[in-house]
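Try each task before you read its solution.

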Amino acid sequence: MQKLFVENAGGELIYLNEEQSRHVARSLRMKKGDMITVCSGDGRDFGCMIEDENKNGVVLRVCYEQASAGEAGVRVTLFQAVPKGDKLDDVIQKCTELGVHKIVPVLTKRCVSRPNPAQAQKKLLRCNKIALEAAQQSGRGAVPAVEPMITLEEAARLSSAQVKLLFYEGGGSPLPSLIKKNAKSVDIFIGPEGGFAPEEVELLTSAGARRATLGPRILRTQTAPVAALACVMLLTGNLE
């Protein structure tokens with residue numbers, strides 16, 4: 001069933017905004033009487049029937065409410081070094097589908113892409129839209145936030161998860177030895193195209209991050225977070 005995230009979920013009727021109404025009526029070609037799921041963004045799904053569709057928009061009638069089955073039992077925050085081009089778009093899309101809780105772009109010493117404030121703000125709006133669309137497509141119960149870009153020093157201070165993992169080409173411990181099935185929060189640090197500088201590795205390990213490996217092959221900066229997140233979800237029982 002199709003899913004939409006709305007701010008005014010709850011009550012008997014839900015009034016979709018202009019963009020959402022256009023999506024339902026024109027893109028999805030749904031009509032009066034069709035069923036659609038809307039989500040409040042807090043883990044609740046509402047099964048709705050299209051009550052009315054006119055020039056003023058689409059009106060939904062709530063038929064039932066249930067807990068969303070699309071959210072993971074572990075909260076994973078991805079601290080992703082800013083990559084070149086549109087690679088971050090792919091990272092956000094795939095990691096949202098896999099269940100990431102939050103994505104924080106990080107500026108590191110070897111980042112080639114170094115957007116100015118105006119560029120960063122424009123990119124942030126696009127990134128959050130990608131997260132919204134991916135959350136709707138994958139049946140999530142919440143939309144992961146893509147936060148403003150910060151420095152690695154700020155990321156090290158902000159990181160507060162139960163498990164902190166640093167992935168880089170220097171290797172580390174196998175993931176099964178670092179993550180237990182009952183882990184409730186995990187922070188993942190991924191470097192840029194050139195990897196983390198030695199002093200950055202020292203900074204993160206001093207802040208409690210454990211060096212982890214994804215095997216003997218060197219993964220691209222847009223591949224590593226997807227592989228790491230999939231492993232975390234598997235080891236915590238969230239791919240069952």
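**Exercise 1: a leucine and its surroundings**

Leu204 is part of helix 5, which covers residues 198-206. Bear in mind that you're looking at a predicted model.

Solution. Gln137 sits 67 residues from Leu204 along the chain, and their C-alpha atoms are 34 Å apart.

**Exercise 2: the nonpolar cores**

Task: find which residues of the largest nonpolar core touch the most other members, and which element gives this core its largest share.

Solution. Step one is the membership: the largest nonpolar core has 30 residues, and Leu165, Val186 and Ile188 are the ones touching the most other members. Step two is where the residues come from. At least two each are supplied by strand 6 (75-81), helix 2 (87-98), helix 3, strand 10 (163-167), strand 12 (185-190) and helix 6 (224-235). Helix 6 gives the largest share, with five residues. There's also another core lying apart from this one; it has 14 residues, including Val6, Ala9, Ile14 and Ile36.

Now zoom in on Leu165. Leaving out residues up to four places away in sequence, Leu165 touches Leu175, Leu178, Ile179, Val186, Asp187, Ile188, Phe189, Arg210, Ala212 and Val232.

**Exercise 3: strand 3 and its partners**

Task: explain why strand 3 is largely enclosed, then say in which sense strand 3 pairs with strand 1 and how many bridges join strand 3 to strand 4.

Solution. Count the buried residues in strand 3 (residues 35-39): four of the five are buried, so the strand is largely enclosed by the rest of the structure. Then take the pairings one by one. With strand 1, the sense is parallel, over three bridges, and Lys3 has Thr37 in strand 3 as its bridge partner. With strand 4 (residues 44-54), strand 3 runs antiparallel, joined by five bridges; here Cys39 stands opposite Asp45. Last, check the turn: the hairpin of strands 3 and 4 has four residues between the strands, and Gly41 there takes a positive phi near 85 degrees.

**Exercise 4: two pockets**

Task: give the volume of the largest pocket and name the element that contributes most to its lining, then do a class count for the second largest pocket.

Solution. The largest pocket comes out at about 600 Å³. It's lined by 20 residues, with Phe5, Glu19, Gln20, Leu132 and Gln136 closest to the centre. Strand 1 (3-5), helix 1 (18-27) and helix 3 (117-138) each give two or more lining residues; helix 3 has the largest share, with five. Sorted by class, this lining has seven nonpolar, eight polar and five charged residues.

Move on to the second largest pocket, which holds about 410 Å³ of space. Its lining takes in 24 residues, and Tyr168, Glu169, Ile218, Leu219 and Ala224 lie nearest its centre. The class count here is 11 nonpolar, eight polar and five charged.

Methods:
Residues are numbered from 1 along each chain as its sequence is written. This is a predicted model: local features need pLDDT of at least 70, side-chain atom pairs count only at pLDDT 80 or more; totals for chains, interfaces and linings use all residues. Side-chain values use heavy atoms; hydrogens and water are left out. On a 1 Å grid over the protein atoms alone, a cavity is a set of points where a 1.4 Å probe fits but cannot get out, and a pocket is an open set with protein on both sides within 12 Å along at least five of seven lines; lining residues have an atom within 4 Å of a point. Grid points are joined across faces, edges and corners, and a volume is the space filled by probe spheres set on the points. Ala, Val, Leu, Ile, Met, Phe, Trp, Tyr, Cys and Pro count as nonpolar, Asp, Glu, Lys and Arg as charged, and the others, Gly among them, as polar. A nonpolar core is a set of buried Ala, Val, Leu, Ile, Met, Phe, Trp, Tyr and Cys residues joined through side-chain atoms within 4.5 Å. Buried means under 20% relative accessible area, exposed over 50%, partly exposed in between (1.4 Å probe, protein chains only). Contact means heavy atoms within 4.5 Å. Two strands pair if DSSP finds at least two bridges between them.
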